[in-house]
Amino acid sequence: AKMAQDVSSKQQLLPCPDLRSFGSMAKSKNHTGNNQVYKNHRNGIKKTRRPKKMSMQGMNCKFVRNQAFAKRGMNCTPEEKEQRLVAQKEAQKKMEEKKVVERASRLKELEEEKAKPKK
């Protein structure tokens, strides 16, 4: 009698006790890589080609524009190049002299500070 009660209570819990009423079972297999390796190797797996020029996409626009103008500015004849080198050397000499004077004046200031009596 108790067994009969258990069966009847289980039947009450199931919405539809007869499985044949569903028509067919749920699909269990969703994907397979069965033939994919063969198909991929038919034409060979190739390495990606490296670009000749680096992409400027996503770079700072101001930098990209300035870089382009700088490249154009670098194009010059050998005579212009020599003139530029001479001008560069002169500017370098001026900067070195300026640096020496600056250092001397700074040392002088430090000496004066040391010489001053502290309060």
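Predicted model: local features only at pLDDT ≥ 70, side-chain atom pairs only at ≥ 80, totals over all residues.
**Burial.** Of the protein's 119 residues, 0% count as buried. I then looked up the accessible surface, which comes to about 13,400 Å². Carbon and sulfur atoms account for 55% of that area.

**Secondary structure.** I listed the elements next and found four helices and zero strands. In sequence order the pattern reads α-α-α-α.

**Helix α3.** I took α3, residues 61-74, as the next entry. This helix has 14 residues, and the distance from its first C-alpha to its last is 20 Å. That is close to the 20 Å expected at 1.5 Å a residue. I checked its cover as well: the number of buried residues among the 14 is zero, so α3 lies largely in the open. At its N-terminal end I noted a cap, formed by Asn60. A side-chain oxygen of Asn60 lies 3.2 Å from the backbone nitrogen of Lys62.

**Helix α4.** I turned to α4, which covers residues 78-115. Its 38 residues should span 56 Å at 1.5 Å a residue. I compared this with the end C-alpha atoms, which are 56 Å apart, in agreement. The helix is hardly covered, since the count of buried residues among its 38 is zero.

**Salt bridges.** I searched the whole structure and recorded one salt bridge. Which side chains form the salt bridge? They are those of Glu109 and Arg106, at 3.5 Å from N to O. As a general point, side chains of opposite charge can pair when their charged atoms come close. I located both residues in helix α4, three residues apart, or about one turn of the helix. An α-helix has 3.6 residues a turn, so residues three or four places apart point the same way.

**Cysteines.** I looked for disulfides last, and the count is zero. The rule asks for a pair of cysteine sulfur atoms within 2.5 Å. I also looked up the accessibility of Cys61 and Cys76. Cys61 is exposed, with a relative accessible area of 59%. Cys76 is partly exposed, with a value of 28%.

Definitions and conventions:
Residues numbered from 1 in each chain as written. Heavy atoms only, no water. Helix = DSSP H or I, 4+ residues; strand = E, 2+ residues; numbered from the N terminus. Buried < 20%, exposed > 50% of the residue type's maximum accessible area, 1.4 Å probe, protein only. Areas by Shrake-Rupley, 256 points an atom, 1.4 Å probe, with all protein chains shown as cover. Salt bridge = Lys/Arg side-chain N within 4 Å of Asp/Glu carboxyl O. Expected span 1.5 Å × (residues − 1). Polar contact = N/O pair within 3.5 Å; in protein donor to acceptor, adjacent residues only side chain to side chain.
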